[in-house]
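Good morning, and thank you for coming.

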Amino acid sequence: MWYEYIDHVIFLKKLYRQVPELVRVRIKKISLEDEGREVAIVFDMPSFADNIPEKWHKLGYNSLCIEVDFWCIYDFQMTSDYSLMTGDISITKEDDLIHVFIKGTVNCQFKAECAIIQKVAGYINMNCIESDTN
């Protein structure tokens with residue numbers, strides 16, 4: 001699974017009976033930081049949590065967003081057709097490097113030495129509410 005190569009995944013694993021693959025995810029941000037040595041990817045999980053924290057339930061959250069940061073970046077490439085960023089995210093490990101591939105309306109690939117989940121946040125996605133009522 002994609003999260004096996006990332007640190008600080010305990011909370012994410014508690015939220016799901018089985019953490020979903022990153023297929024057709026909404027990508028909120030891909031950023032290069034620290035003079036290109038760090039990449040941050042912020043995206044919505046493809047499905048909401050199975051084990052919803054009580055606070056999230058009370059607040060009416062219906063979506064889950066995470067930020068994964070990658071360090072010591074090699075071979076970064078990205079193209080986009082300037083539409084909303086969506087795609088499939090693949091995270092594997094080979095030769096002691098994490099390989100990241102995003103394929104969709106944005107195409108991105110790079111290698112990194114390490115990765116960590118910086119943030120896991122629930123929120124109310126109004127698009128989900130609108131599609132649930134139609």
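Lys111 counts as partly exposed, at 28% relative accessibility; buried here means under 20% relative accessible area, exposed means over 50%, and partly exposed lies in between, with a 1.4 Å probe and protein chains only. Its side chain meets that of Asp75 in a salt bridge, at 3.5 Å from N to O. This pair links distant parts of the chain, with Lys111 in strand β6 (residues 106-123) and Asp75 in strand β3 (residues 63-80), 36 residues apart. By salt bridge I mean a side-chain nitrogen of Lys or Arg within 4 Å of a carboxyl oxygen of Asp or Glu. Helices (H or I, at least four residues) and strands (E, at least two) are DSSP runs, numbered from the N terminus.

A word on the source. This is a predicted model, in which local features need pLDDT of at least 70 and side-chain atom pairs count only at pLDDT 80 or more, while totals for chains, interfaces and linings use all residues. Residues are numbered from 1 along each chain as its sequence is written, and side-chain values use heavy atoms, with hydrogens and water left out.

How many salt bridges does the structure hold? There are six. One of them joins Arg26 to Asp44, with the closest N and O atoms 3.2 Å apart. Here too distant parts of the chain are linked: Arg26 belongs to strand β1 (residues 22-33) and Asp44 to strand β2 (residues 38-44), 18 residues apart. Arg26 is partly exposed at 39% relative accessibility, whereas Asp44 is buried, with a relative accessible area of 6%. Together with Lys28, these two residues form a network of salt bridges.

Another salt bridge pairs Glu35 with Arg37, where the closest N and O atoms are 3.3 Å apart. Glu35 counts as exposed at 74% relative accessibility, and Arg37 as partly exposed at 45%.

Let us turn to strand β2. Is this strand largely enclosed or open? Seven of its seven residues are buried, so β2 is largely enclosed by the rest of the structure. Both faces are covered: Glu38, Ala40, Val42 and Asp44 are buried on one side, and Val39, Ile41 and Phe43 on the other.

β1 and β2 run antiparallel and are joined by six bridges, with Ala40 in β2 as the bridge partner of Ser31. Their hairpin has four residues between the strands, and in this hairpin Asp34 takes a positive phi near 50°. β2 and β3 also run antiparallel, joined by seven bridges, and Phe43 stands opposite Ile66 in β3.

Finally, the nonpolar core, which is a set of buried Ala, Val, Leu, Ile, Met, Phe, Trp, Tyr and Cys residues joined through side-chain atoms within 4.5 Å. The largest has 35 residues, of which Trp2, Ile27, Ile41, Phe43, Met45, Phe70 and Phe110 touch the most other members. Two or more residues come from each of α1 (10-15), β1, β2, β3, β4, β5 (97-104) and β6. Which element gives the largest share of this core? The answer is β6, with six residues.

Definitions and conventions:
Pairing = 2+ DSSP bridges.
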